[in-house]
Amino acid sequence: MNDWPEGWSGNNRGGDYAQPDGPRVMRQVRRGPSAPPQGGVPQQPAYGDSYSDGYGNNGSDQYGGGHNSDYNTGQVYGGGSGGDGYGGGRGERPAPNWRRRIKLTAITVTVVVLATTIGTYFWADSKLNREVDLSKVIDRPEAGDGTNYLIVGSDSREGLSDEQKKELHTGSADGKRTDSMMILHTGSNGPTLISLPRDSNVEIPTFVGSESGKTFKGTGRQVKLNAAYAEDGPELLVRTVEANTGLHIDHYVEIGFAGFANIVDAVGGVEIDIPKGGMKDTKSGANFEAGKQTLNGEQSLAFVRTRYALARSDLDRTKNQQKFLAALAGQTATPSTVLNPFKLYPTMSAGLDTLIVDKDMSLFDLAAMFWAMKGVTGGDGKSMNMPISGNAANGNLQWDTAKVKQLVEQLKNDETVTVSSD
């Protein structure tokens, strides 16, 4: 039995036209409500002939012209150009929009950096110990140009265990005293770092007790500078420095033994060039050969506290303290520390936990102080001792009155300092 409709055969489908073997044509689909004609499958016309589909629609095949749009001649599987072999082509994937991707990445990175920066700021700000109230200081000199920091290294043993006190050679004295004092001036002519020897002869002025609120009248009593701190803490020290110099102090910064050592260890040590002959002091624990070497926290504390092994005792010690603090600031403010969170956060934590500052000190003020100290190391500023003229009658170091006056005027006016300590 021939499976093809009448007029078609396996070898001749539509006269002399030889249709190659190919995909079969889907059965034609009827549209409309009328029932199909009786008698089976309607006869297919030959190619190119017109036809009637039996439902009142006339048309022609694909080679004879168009047909009525209401008649569906079927879908040929596998047909069409650009197809996937399963009934229709797929368009090519559009090229990635790199400009949009880069923009989204930049926005994401910016948001993350801002969030981290803001979070770090508030974390660090919350760790500052703002314990010093400079509003309690009376009879203050007028503020000049630039900013003046009073930087104090105390011999506080707070937070140190008995074993740590032994390792750091701090002793076990009660209370705390100032082991070093410096004035750092920052302004438009570069930073100036001035050490105030703790044995400097000063007069204790009239002051208001930081705790009692009671007024203590000045009697002309002359003492060593560090005695002012021991008597009534930071507020009286600031009052004494201002009264004896005429220089307004804007901010106060203090750090104890433990904090100092912890900061040094957090940055991985500080490189110091020990002068010819080395340094050995049984009281401070210093025992260094000459030459460049990296000191850890314990060694650094011994270095800045050594005075008995130095020719000019406290005057030479203040120079070593300046040298070391400037080197520490330079080490801290390097890309290897600032851009490395595994070093930056421990360093900040070690420093901020043990720093005592005034109530008006901001993180920006603190950062400016460290950058200024780094500038002293880099040669952009000047470091010196307070000019000394000799010894007072009580054996304390006497400041050179004329030079101190000139120095203070230059600092007040934010001028380049030309005064020398020699």
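This short talk walks through some salt bridges, a helix pair and a surface patch in one structure.

Okay, a bit of housekeeping. This is a predicted model, so local features need pLDDT of at least 70 and side-chain atom pairs count only at pLDDT 80 or more, while totals for chains, interfaces and linings use all residues. Residues are numbered from 1 along each chain as its sequence is written, and side-chain values use heavy atoms, leaving out hydrogens and water.

Let's start with charges. Side chains of opposite charge can pair when their charged atoms come close. Here a salt bridge means a side-chain nitrogen of Lys or Arg within 4 Å of a carboxyl oxygen of Asp or Glu. By that rule, we get six salt bridges.

One of them joins Arg-307 and Asp-199, with 3.7 Å between the closest N and O atoms. Arg-307 sits in the loop between α5 and α6, and Asp-199 in the loop between β6 (192-195) and β7 (201-203), so this pair ties together parts that are 108 residues apart in sequence. Helices here are DSSP runs of H or I with at least four residues, strands are runs of E with at least two, and the numbering goes from the N terminus.

Are Arg-307 and Asp-199 buried or exposed? Both are buried. For us, buried is under 20% relative accessible area, exposed is over 50%, and partly exposed is in between (1.4 Å probe, protein chains only). Arg-307 and Asp-199 also belong to a salt-bridge network with Lys-224.

Next pair: Arg-312 and Asp-316, 3.3 Å between the closest N and O atoms. Arg-312 is partly exposed because its relative accessibility is 39%, whereas Asp-316, at 18%, counts as buried.

Now the helices. Two packed helices are described by the angle between their axes and the distance between the axes. Helix α5 (residues 297-305) and helix α6 (residues 314-332) have axes that come within 8 Å and cross at roughly 140 degrees. The axes are lines fitted to C-alpha atoms over the stretch in contact, with angles from 0 to 180 degrees between N-to-C directions.

Which residues of α5 meet α6? They're Ser-300, Phe-303, Val-304 and Arg-305, and on the α6 side we have Arg-317, Asn-320, Gln-321 and Phe-324. Contact means heavy atoms within 4.5 Å.

Val-111 counts as exposed because its relative accessibility is 51%.
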